[in-house]
Each structure stands twice: as structure tokens, then as C-alpha cells.
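Hi there,

Here is the structure I promised to pass on to you. Have a look at it first, and then read my notes below.

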Amino acid sequence: MSRNKNNKVLVIGSGGREHAIVWKLVQSPGVQEVFCAPGNAGISRHATCVPIKSSDIDGLLDFAKREGIDLTVVGPEAPLACGIVDRFKAEGLSIFGPSRLAAEIEASKIFAKDMLRRFGIPTGAYKVFSEPGEAVRFIEREMGVPVVLKADGLAAGKGVVIAKTIDEAKDAVSLILEEKAFGEAGARLLVEEFLDGEEASFMVVTDGKTVIPLATSQDHKAVFDRDQGPNTGGMGAYSPAPVIDERLFNRIMDRIMLPTVKAMESLGRLFMGVLYAGLMIKDGDAKVLEFNCRFGDPEAQPILMRMKTDLFELLMAAVDGRLDEMRPEWDPRPAVTVVMASKGYPGRYETGKVIDGIEEAETLGDVKVFHAGTAVKDGRLVTSGGRVLGVTALGETIPKAVETVYEAVAKISWDGMHYRRDIGQKAFRHLKARARSARVAVVMGSKSDMEVMHKASEILEEFGVSCETMVLSAHRSPELAAGYAKGAAERGIEVIIAGAGMAAHLAGAMAAHTVLPVIGVPLDGSPLNGLDSLLSTVQMPPGIPVATVSIGKAGAKNAAYLALQILALKDHGLRAALEAFRKRQADEIKGLNREAY
């Protein structure tokens, strides 16, 4: 727990990420006051903004000491790379973020790639150059195109070029090494293997020992729809990212995040803060594209919108080295953020445009508009940056969240604004593919059982969960039943519902040949009204469990609901749908009572 209940917090930064952090911190019972340096017009609604630039480490340090700040949270990467954490710690001040040496995992892409290769963490092939001619010859003779060229240092998310032709590669080499488009960040050039697939963001909070994953997310870096145009700091994001299923989630933790934190410690660079891995996903596996040493922007917005855990307590636990005490909780509903930008962004853009409609957008419910580049001029809210707003919405499903967020976006306007209209479409593809793949098997002992067991299938389909139906007999086709159960997991089945009457050995036969959860439905097809099949279904030896809920049609329905609850343990969208269903049930009962009285 926090050291006292009257904590003062300083957040450093001025973008949408910092607005989301401030918005979440002010909800903590342990936080008395939040300051933000320098902040923006939206942040000023929640915190006291102080006119100190994030690059002014001396000024920030003096303010924190003078004001008695209990915790400082660093939003952007530049002050971390400059050693702000080291300075604050040397003065005995609590600050969340990695040291200068640890922040080099983002500040130097070459350091990060060397570390990945040294410790066997999956990433693409690469080579480092400081001489333009050598880089071009390597691309022409060995690497080929497409190829990725990166400035070594910090370039505000824009120091990356994907060259599809040799001429584009030559231009990029010249841009970075000769024209110094990214300044000293481009003193060295990373020529990297082009990895195709789908990008996703994976963030963890760590104290250098314990590693706690945050909700998954997916960013949209290109400025235009369908990932066209130059890269930006991010034009939208959503959480969770369906491209990362439970198996891949665990694989990323085991093969990338945990080994990286251990590697940094072994190199004498203990990492405390948010470690962000930009990943390329292909064929169910992940490789590291790059690391960041702080919350992603705009990924922080949907992630923090979903976080139910006290953010202040989580960050303070990391600072104090007791992160093992924390168990973050998440709103099961997905969140989607659409970034609204100034005309011309990510190139030259104008500022000072009057913004209208934010208050109306936030009346929709479960919508929050995070400010990135805003200011107040002559009493009016105006644009002051390239990325201006991050409109964020929760929804029972990703499609619902997308619908709500674009409804909110439509209410906001200023001269020259633009935004992507396809945020979330990648998630739709995964959700559709998942729906097409059967996740639940509904099996029954005979064709006459279909009418009853169809009740289970109807409910599963109502919630968008695909199922497959089979007639199998534990007595008449035992080998077929056993083979079906053994191969179910490989086909993607996650739960088996088995209905049978009389002797009712089908559920047990399934359970004996799989470790998937099996739910038995005793059918009332005998003079004993199903009591015989009930006893046959539940009387299983220890170690071969079969769940049973009730007899007949009621049993088939509840078997489906139980299967949905099992799936919802890792499917947040499904969990949200079930919670909404339960709420509707309760509302119906309340409505009946109002009518009666």
C-alpha cells in the first residue's frame, strides 16, 4: 500500500499518454494532488500544470523538492534517456521509470539489437553502419529489399524508413547518415531485415525482478487508412489485441519479456518502469521489432481506460521493489482510441485552430477525450500540436467500442483535422476468423438427442461462439468417441459438452481421453426421468472430472452458459457480453417488480 493517504504526484510530459496517466492517478484514494509539467489544456482539468519543459531536469528536480512530491512519473522517453531517474534518486526522491543506462534499450536501437542477439531473444537479422557507401553496398549485395533502415537514437517515433526498392533504400541512407535528418540520433544506421506479419504492442510493469504484463494492445503507426503513408507517433490503438491469444501471450512472456528483464539485470542495467516491446506477429509467433522504455502513446489511452487497479499503488509498488504484491485487474470490455490530428501531420502543420464538440462527445458515456496537442487561447480551446486528441471509448465488444468511438469523433471538429477511419479493422479479421473456428464441441449419444442438445448450440451461437455437433456413442462407437476426444484440442476445441441418457457414459468417455473441460448433460429419456443418467454422468473416478449442471433442456442450456464462462476466463470480449447478459436478466426482474407494484 502507499506510504500515506495524502500523496503528491508529478507527471512529466504534455501528450495524450500523460493525460491518460494523470486522469488515472487522480482516481486514486491515496493521491491528494497531481501536478503535470508542462501539461496541456485537457490535463489542466485534472491536475495543476506547471510551465516546466520535460527536458528541464534541473527545473523539474527543484520543483519536486520544493513541492514535496511523493512520486514522479515520467511519460516521454527523452528525459529518461537523459538520466532524470538517476538525478531524482540521488536526491532521495521516488520516481517511476528506468535509469539512463536501462533507458538505452530505447535510446539506442543498436544496443537493443545487440542485447537481443546476445541473449537469444527472437528478432530480425541486422547490421550497423556509419558510412553511407558501405550501407548501400550491403543492402544491394546481401540484405535486398524490402529493408528497414533505422536511426540509432531517439527520433520521436519517426526515425524508421521501410524501403521497398533499392532507390528508396539509397535515399533513406542519405537522409539519415548524410543529411542528418534526425540529428545525432542518426549518427549510426541500423539496416534491418524486413519482417512481415502483424504488429502488436506488449507492455509490462517491472521492478527489475517481478514482471507484470499489462493488457495487450495494437497501435496504428501509418498516417492513412490501410497502413498507407509515412509513420507517425501513432494514429490509434485498441486493447486487447486479438492477434495475441493465450498461447502467444504466454510465449511472449516466457521468450521475450522475462528474458529481457533478466538480461538487463545481468548487464548491470536493472530495469524499473514500463518495458514496451513492439512485436511482429506471424504464424502464431513473435519477434521483437524494437523496445520502448515507457508507456506507449496512444496505447496507454485504451489500456489505462480498461485498468481497474489503482495506478498509483501499482507504480509505487514498482518503485519500492514490491511488485510481487500486486495483481492488476482489468475491465473486460475492450477500448479503442482514435487519434485526431492537424492537417499536414506528420509533416508541417498549422496550430491555433479552434476545437469544438469535445463536451458533446463525452456525453455519450464510456467515452473519454484525451488531449495531446491542445492549448487555451483567448478563452477558446485550440490546437497546439500534430496529434491533437485521442478519443477513447469502451464497448462490450471491439465492434461496439469502434462504433462508439467514431460516433464521438463525429461530434468534434476544427479546421483541417484528419484521422484514420479504419482503427480496429485488424481486430475484426481476427474475431471473424476465431468465430469461424469451432471452440466448443457439442456431442450426443444418439440422433434422438439432437432436439435437446440443440439448445446448447443456439446459446453458443447467440454469443458468437462457433461450435461443432457430433453424434458419438460410448457403447456403440467407443473407438470413434475416444479418437474424437483425443484430437479435439488440436482442432481448436476448448470445451466439450456431452449429452446422453440412460447409462450415460459419453461424458466420462470424453473426459478419459482429453484434458479439456467436459460438461455432461444427463438426458431424461428413461422411466427414471434422467436420474439414472445423472448418476452415471457424475460418478467419475478421481482425476477424471465431469461437470454437470442439470437434466434435459435446462441442462443443455446451462452447459452452454458454463462453457461460455470457461471461455470468458481468457476472452475479455466474451466476458463483457456475459456481464451484459446478466445485467439484462436483472433489469428484466426489476421491470417485473415495478409493474407489479
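What follows is a short tour, from the whole chain down to single residues.

Please keep in mind that this is a predicted model.

**The whole chain**

The protein chain has 597 residues, and a compact globule of that length would have a radius of gyration near 25 Å. The value for this chain is 27 Å, which agrees with that expectation. Along its principal axes, the C-alpha trace spans about 85 × 70 × 45 Å.

How much of the chain is buried? Buried residues make up 55% of the 597. The chain exposes about 25700 Å², and carbon and sulfur atoms supply 50% of that area.

**The cores**

In soluble globular proteins, nonpolar side chains tend to be buried together. Here, the largest nonpolar core holds 51 residues. The members that touch the most others are Ile 84, Ile 105, Ile 252, Ile 256, Met 257, Leu 279 and Phe 291. Helix α9, which covers residues 246–266, gives the most to this core, with 8 residues.

Leaving aside residues up to four places away in sequence, its contacts include Phe 202, Ile 252, Ile 256 and Val 288. Leu 279 also touches Glu 198, Glu 199 and Lys 287, among others.

There is a second, separate core of 42 residues, and Val 22, Phe 96, Ala 317 and Leu 323 are among its members.

Is helix α1 (residues 16–25) enclosed or open? In this helix, 10 of the 10 residues are buried, so it is largely enclosed by the rest of the structure. The buried residues include Arg 17, Glu 18 and Lys 24 as well as Ile 21, Val 22 and Trp 23.

Now move to helix α8 (residues 166–178), where you will find Asp 167. Buried or exposed? Asp 167 has 54% relative accessibility, and the cut-off for exposed is over 50%, so Asp 167 counts as exposed. From Asp 167 to Arg 322 is 155 residues in sequence and 52 Å in space, C-alpha to C-alpha.

Enjoy exploring it!

Best wishes

Methods: Residues are numbered from 1 along each chain as its sequence is written. This is a predicted model: local features need pLDDT of at least 70, side-chain atom pairs count only at pLDDT 80 or more; totals for chains, interfaces and linings use all residues. Side-chain values use heavy atoms; hydrogens and water are left out. The radius of gyration is taken over C-alpha atoms; the globule rule is 2.2 Å times the number of residues to the power 0.38. Buried means under 20% relative accessible area, exposed over 50%, partly exposed in between (1.4 Å probe, protein chains only). Accessible areas come from the Shrake-Rupley method with a 1.4 Å probe; for residues, only the protein chains shown count as cover. A nonpolar core is a set of buried Ala, Val, Leu, Ile, Met, Phe, Trp, Tyr and Cys residues joined through side-chain atoms within 4.5 Å. Helices (H or I, at least four residues) and strands (E, at least two) are DSSP runs, numbered from the N terminus. Contact means heavy atoms within 4.5 Å.
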